[in-house]
Amino acid sequence: MSAETSTHRAAPDAPARFSAETRRSDLDAMARSGVELLVVGGGITGAGVARDAALRGIRVGLVERGDFASGTSSRSSKLIHGGQRYLEQGDVALVRESARERHRLRRIAPHLVAPARMAVPVWARTPAGLLKLRAGLWAFEKMAPIEESELHESWGRDDTLEHIPLLDSERLQGAVVYTEYVTDDARLTLETLKSARRNGALCVNHAPAVGIGLPAPVTVTTPGGTSAAPRFRVRVRDVEAGGEHEIEARCIVNAAGPWVDAVRGLAGAGQSRMQLTKGIHLVVRRERLPLDQIVVMRAADRRMVFAVPHDEVIWIGTTDTFYPQAAERPGITREDVDYLLEATTRTFPTVSLGPDDVTGAWAGVRPLLAEQGKKPSEISRRDEVLVEQPGFFSIGGGKLTTYRSMAERVVDDVEGYLAARKSPCRTHKEPLAGTDEPVPMARTTLDATELDACLDSECALTVADVMERRIRANIFATDNGLTQLEQVAAQLGRRLGWNDERIAREMATHRTRVAEDVAWRTQS
């Protein structure tokens, strides 16, 4: 069956299998029949592209070098936010898009996007800063629909200290408070992929693209006539089973995040277009910093950083520094940590958090488009689709909040290249697959039945897949998941056929990764 006519679509009431078995069958199907669109990258952008394309009726496959969301998309600040700070930079279009997309994500994924009040304290000799902030939020609230209960409010000094008693009171003018949204970024990516697959997408993790070739055009017969259509030939390595597969695709979307330039290089592109920056986050127990609202803090360089409460933890972030290379787990330095702890201590002077209060940490790399001469925090978060040869689209830049609209734009381009309008974009109104119940942000343990679901319905293949992304034990659990490690590794071993050596290696890898996240403690 040809790539143009073959489809893979689960019945609406079919069991949502997404497992090691479906992974093998999806990879075999892509190699055997080809696809119209191959997405390279299984982070939030690639997941959004695959879902949009599948909903429009495009035969789409997705391959991911590691686990789904294993790079930037599990290492963000976990905020679906309007980006009000971009108003200060004059990027009204980005703020407007962020505000609109924030509203849409809340509508299509209420179980994954939870409202939270964010307080922005203002310290100054006069209330001018408070008035300026209120004016900015008033303008923001005109850009997209906002529920009346989520409109901003202004607190005077006394009210601010009543709500946030730990704040530095010296020269405090008050605070402006408004609603933002918190998400589990890895969970949002997984649910987007599950929705893509239920609508026909073929999705495979632990399968890096290692070569891209463009042969001579071939003749294709469609209901509209006969035409010449080039086929990309993408070599994909199966990390779990071994060996390589070759997938034919009419077009490619390179959504590889920090690895966009590397994938462009596979297709013959030369000049780098990406500029990577690193952001780190620290986790402390909530009893050490008891907050009921997200609080915006100012670092020594006047950058905004956040303290975000959720369940039993607070996470503090983020930094913004240049980083030289793509990495799933960029290094965390003592300088990074001190930067965030200093901002926290200045904001909450009686708390005095120290390195020993940090129970977990994570770092991620932002895949931004290069802008010469700008500081990391000045580089635009706008996305751009790069087309260096017909049918090969690379998407860079962007932010978590706008992933859906980014995907819509690139799939529009894909449809234009395929010269076949399938159906209108529906991702702004079609609910994501999954339950309507809120997903626990800091879920840190699993019983045996829940672990089976990670294997059967979420294609987990390693201990890291489970402990770092299906749940968030490595960063949010008090013991970083070490107590449950042996149980998880043993059950995965039984289900996936691991020998004792593989089980031991998986356990050792988790212990090493946990230790690496706090290795900065030994740095001077």
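**Strands, helices and rings**

The model is a predicted one, in which local features need pLDDT of at least 70 and side-chain atom pairs count only at pLDDT 80 or more, while totals for chains, interfaces and linings use all residues. Residues are numbered from 1 along each chain as its sequence is written, and side-chain values use heavy atoms, with hydrogens and water left out.

Helices (H or I, at least four residues) and strands (E, at least two) are DSSP runs that are numbered from the N terminus, and two strands pair if DSSP finds at least two bridges between them. Strand E4, residues 114–123, pairs with E14, residues 294–298, in the parallel sense over two bridges. E4 also pairs with strand E6, residues 172–182, but here the sense is antiparallel and there are ten bridges. In this second pairing, proline 121 stands opposite alanine 175 of E6.

The helices come next. Two packed helices are described by the angle between their axes and the distance between the axes. The axes are lines fitted to C-alpha atoms, for helices over the stretch in contact, and the angles run from 0 to 180 degrees between N-to-C directions. Helix H2 (residues 44–55) and helix H7 (residues 185–198) have axes that come within 8 Å and cross at roughly 25 degrees. H2 and H7 are therefore roughly parallel to each other, since angles under 35 degrees count as roughly parallel, over 145 as roughly antiparallel, 65 to 115 as roughly perpendicular and the rest as oblique. H2 passes H7 in a left-handed crossing, a term used if the near helix is turned anticlockwise from the far one by less than a right angle, with right-handed used if clockwise. The residues in contact (heavy atoms within 4.5 Å) include Ile44, Ala47 and Arg51 of H2 and Leu188, Thr192 and Ala196 of H7. By class, this contact of H2 with H7 has seven nonpolar, four polar and one charged residues; Ala, Val, Leu, Ile, Met, Phe, Trp, Tyr, Cys and Pro count as nonpolar, Asp, Glu, Lys and Arg as charged, and the others, Gly among them, as polar.

H2 also packs with helix H10, at an angle of about 55 degrees and with the axes 8 Å apart, and that makes H2 oblique to H10. The crossing of H2 and H10 is right-handed. Among the residues that make the contact are Ile44, Val49 and Asp52 of H2, together with Tyr403, Met406 and Val410 of H10. This contact of H2 with H10 has eight nonpolar, two polar and two charged residues.

How many aromatic pairs does the count come to? Rings of Phe, Tyr and Trp (its six-membered ring) pair if their centres lie within 6.5 Å, and planes under 30 degrees apart count as stacked, over 60 as edge-to-face and the rest as tilted. By this rule the count comes to six aromatic pairs. The rings of phenylalanine 393 and tyrosine 417 have centres 6.4 Å apart and planes at 80 degrees, so this pair is edge-to-face. Phenylalanine 393 lies in strand E20 (residues 392–397) and tyrosine 417 in H10 (residues 403–418), so the pair ties together parts that are 24 residues apart in sequence.

Finally, consider the backbone. Most residues other than glycine have a negative phi, and most peptide bonds are trans. Aspartate 311, although not a glycine, has a positive phi of about 50 degrees, and the peptide bond from glycine 317 to threonine 318 is cis, with omega near 15 degrees.
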